[in-house]
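Here is a short report on one protein chain. Keep the sequence and the 3D view open while reading.

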Amino acid sequence: PTLWARSRKISVLAAAAEVMREALGQGGTSFDSLYVNVNGQSGYFDRSLNVYGREDRHCHRCGAVIRREKFMNRSSFYCPVCQR
């Protein structure tokens, strides 16, 4: 791989690790009562999600319409401008 590609991979991995640390610091992302901590409390990171569950609504960053891609009974939400 080129130096640019290697640098880009490192940057993406660093950003992913940062998001995961932030999510863990807020107790994770709980959408189901099965996923709670030992005290029965759900995490609060879902309040920080920028696109999940926001299909056809506007991106907070650029105003583009959030899209949803369905696959294997799952969904992925993304901004077509910010997350090319």
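Which residues make up the largest nonpolar core? This is a predicted model, and its largest nonpolar core has six residues: V51, C59, A64, I66, F77 and C79.

## Core

Nonpolar side chains tend to be buried together in soluble globular proteins.

Look at C59 next. Leaving out residues up to four places away in sequence, C59 touches R54, A64, I66, C79 and C82.

## Overall fold

The C-alpha trace spans about 50 × 30 × 30 Å along its principal axes.

Burial and contacts can be read alongside these values. Buried residues account for 15% of the 84 residues. Of the contacts between residues at least 6 apart in sequence, 10% join residues at least 24 apart. The protein exposes about 7200 Å², and carbon and sulfur atoms supply 52% of that area.

## Aromatic pair

How many aromatic pairs are there? The count comes to one. The partners are Y52 and F77, with ring centres 5.1 Å apart and planes at 70°, so the pair is edge-to-face. The cut-off for that label is an angle over 60 degrees.

The pair links distant parts of the chain. Y52 sits in the loop between α1 (3–25) and β1 (67–71), while F77 belongs to strand β2 (residues 74–78). The two are 25 residues apart. F77 is buried, because its 14% relative accessibility falls under the 20% cut-off.

## Salt bridge

Side chains of opposite charge can pair when their charged atoms come close. The count of salt bridges is one. E55 and R68 form it, and their closest N and O atoms are 3.6 Å apart. E55 lies in the loop between α1 and β1 and R68 in strand β1, so the pair ties together parts that are 13 residues apart in sequence.

## Helix tryptophan

W4 is part of helix α1. Its relative accessibility is 63%, so W4 counts as exposed. W4 and C79 are 75 residues apart along the chain, and their C-alpha atoms are separated by 24 Å.

## Positive phi in two loops

Most residues other than glycine have a negative phi. D56 has a positive phi, near 70°. D56 is in the loop between α1 and β1. With a relative accessible area of 60%, D56 is exposed.

N73 also has a positive phi, of about 60°, although it is not a glycine. The place of N73 is the loop between β1 and β2. Is N73 buried or exposed? At 84% relative accessibility, N73 counts as exposed.

Technical notes. Residues are numbered from 1 along each chain as its sequence is written. This is a predicted model: local features need pLDDT of at least 70, side-chain atom pairs count only at pLDDT 80 or more; totals for chains, interfaces and linings use all residues. Side-chain values use heavy atoms; hydrogens and water are left out. A nonpolar core is a set of buried Ala, Val, Leu, Ile, Met, Phe, Trp, Tyr and Cys residues joined through side-chain atoms within 4.5 Å. Buried means under 20% relative accessible area, exposed over 50%, partly exposed in between (1.4 Å probe, protein chains only). Contact means heavy atoms within 4.5 Å. Rings of Phe, Tyr and Trp (its six-membered ring) pair if their centres lie within 6.5 Å; planes under 30 degrees apart count as stacked, over 60 as edge-to-face and the rest as tilted. Helices (H or I, at least four residues) and strands (E, at least two) are DSSP runs, numbered from the N terminus. A salt bridge is a side-chain nitrogen of Lys or Arg within 4 Å of a carboxyl oxygen of Asp or Glu. Accessible areas come from the Shrake-Rupley method with a 1.4 Å probe; for residues, only the protein chains shown count as cover.
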